[in-house]
Amino acid sequence: MDAKASVKLGSFSRGGYGRVGLAAADHDFGSEGSLTPFSILLPQYGDLCISFAESKVTSDYIWDRVEEQWPEWEAKYRPSTLVINQDNGPENSSRRTQFIKRAVDFANQHGINIQLAYYPPYHSKYNPVEQAHGALEQYWNGMLLTDAETTIKIARNMTWKGEHPVVTLITRIYQNGVKLTKKAMAAYEKVINRKPELEDWFVNISPSPI
């Protein structure tokens, strides 16, 4: 999973091409706001979920999206382990206390083992979800993302591996800077397993009461 840079809403050119000529602005004056794409891809099955955030993509935002999709994934695939491949960004870092808290809480609530596997710096291009982001950008670069409704409709019309992605607009405003105290985080650190010599890059979380 991964978030991409925010896209500004408005009649702006992004350098793409389409079959129909469009008049687009070459300056970003008068933006109608912005949306941040956040995608979760199941490479083995080709399932792609894209949410668009009107606010910052925080640790809680990320885990709320996983929670939303989990009932369907659990029913379809019945996994015993959830492996999450991701960049070591500020909101999903293995040292982000709220992110680890939500991961431990998820493992305990659903009785599943979670493995957080992080790509090293400058290697995010190897994350399969980047290919899905590239496909979206290629698909819509010749179109005008004039507003949120239009952007969502365009994203729903794209295809990935022959299927349309699940696309949602998230209007909830998430609070920035949520974190645990050192004392509270110490309890969570006791129930996670950081791989030796890769402590920041691979974390195993098994269901374990706090």
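A pocket is taken as an open set of points, on a 1 Å grid over the protein atoms alone, where a 1.4 Å probe fits and protein lies on both sides within 12 Å along at least five of seven lines; lining residues have an atom within 4 Å of a point. Volume is the space filled by probe spheres set on the points, which are joined across faces, edges and corners. The model is predicted, and local features need pLDDT of at least 70, side-chain atom pairs count only at pLDDT 80 or more, and totals for chains, interfaces and linings use all residues. Residues are numbered from 1 along each chain as its sequence is written, and side-chain values use heavy atoms, without hydrogens and water.

The second largest pocket holds about 260 Å³ of space. Its lining comprises 13 residues, with Ala3, Gly89, Pro90, Glu91 and Asn92 nearest the centre. Strand 1 (2-3) and strand 5 each contribute at least two lining residues (strands are DSSP runs of E, at least two residues, and helices runs of H or I, at least four, numbered from the N terminus).

In helix 4 (residues 148-157), Ala148, Thr151, Ile152, Ile154 and Ala155 are buried (under 20% relative accessible area, 1.4 Å probe, protein chains only; exposed is over 50% and partly exposed in between). These residues lie on the same side of helix 4 because they cover an arc of only 165° around the axis, the arc being that of the directions from the helix axis to the C-beta atoms.
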